[in-house]
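Have a look first, then we'll talk.

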Amino acid sequence: MTPKKGAPTPKRREAERTLRRPLNAPQTRKEAYRQYRERQEREGRRAAQRGGAARGEERYFRPQDLGPVRAYARDFVDSRRSVSEFFLYFSLAIIVLLFLPFPQFQLGVTYVVWPLMMVTIVAEGLYVGNRIKKNARVLFPGDDTIRGVGMYAAMRQLQIRRLRLPKPRVKPGDAIATPEG
C-alpha cells in the first residue's frame, strides 16, 4: 500500500500562481555583468567538455560512457563493420527509392527491403549485445556496470562511425582483448 502524500492537491489557481512568478532580471549593471560572466563561464565549460569528449579524454565523458565495461563495449563495436552502422544511409536510399514512379518497385521496397533491413538491424543488435554481455561477465567478474551494456553497444552500433562519441579508439579489423584470445 502506498503512503499518503501528506498534503492536499493544490487548487489550479494556486498552482498557476507559482508558474507566473516574476523573472529574475538583474537590478543593477554590476549584477547583469556578473550573470553575463557566469553564462560565459558555463558555455566555456560546455565547449571544453564537447572538445574533450571528441578527443577521447575520459574526464569529459558523459556518465553513461564511463568505466572499463563501456570502454570494452565501444572497442568491440568499433573493431568490426556492421550493417547497422549504415542504417541511416539505407533509410535515406529507401526513401528516395519510394519516390520512383513504379508501383511494383515501391511495394517491393516497402514490404521486402525495409522490413528485411529492420530485422537485420534488430538481430545484429541482439547478437552483439548478448556477445558483449557474455564477454564482459568473463572479463570483468563482479562488476555491476555490466547491466545495460548490451543496449549501449547496440545503440553505438547504429551510429555513423565518424559521428560516434567518444571517438573510436580502434579501427575496423583491429584486435581487442577478448576472453577467447
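Q: What makes V83, F86, Y89 and F90 a nonpolar patch on the surface?
A: Keep in mind that this is a predicted model. Nonpolar side chains are joined into a patch within 5 Å, if each residue has over 30% relative accessible area and no salt bridge. V83, F86, Y89 and F90 form such a patch, and together they have about 340 Å² of accessible area.

Q: Why does F90 count as partly exposed?
A: Buried means under 20% and exposed means over 50%, with partly exposed in between. F90 comes in at 35% relative accessibility, so it counts as partly exposed. You'll find F90 in helix α4, which covers residues 87–98.

Q: Why is R39 called partly exposed?
A: Its relative accessibility is 39%, so R39 counts as partly exposed. R39 sits in helix α2, residues 29–55.

Q: How does the radius of gyration of the protein chain compare with that of a compact globule?
A: A compact globule of 181 residues would be near 16 Å, but the protein chain has 25 Å. Its C-alpha trace spans about 65 × 50 × 50 Å along the principal axes.

Q: How many of the 181 residues count as buried?
A: That's 26% of the protein chain, with under 20% relative accessible area as the cut-off.

Note on methods. Residues are numbered from 1 along each chain as its sequence is written. This is a predicted model: local features need pLDDT of at least 70, side-chain atom pairs count only at pLDDT 80 or more; totals for chains, interfaces and linings use all residues. Side-chain values use heavy atoms; hydrogens and water are left out. Helices (H or I, at least four residues) and strands (E, at least two) are DSSP runs, numbered from the N terminus. Buried means under 20% relative accessible area, exposed over 50%, partly exposed in between (1.4 Å probe, protein chains only). The radius of gyration is taken over C-alpha atoms; the globule rule is 2.2 Å times the number of residues to the power 0.38. Patches are made of residues with over 30% relative accessible area and no salt bridge: like charges are joined within 9 Å, nonpolar side chains (Val, Leu, Ile, Met, Phe, Trp, Tyr) within 5 Å. Accessible areas come from the Shrake-Rupley method with a 1.4 Å probe; for residues, only the protein chains shown count as cover. A salt bridge is a side-chain nitrogen of Lys or Arg within 4 Å of a carboxyl oxygen of Asp or Glu.
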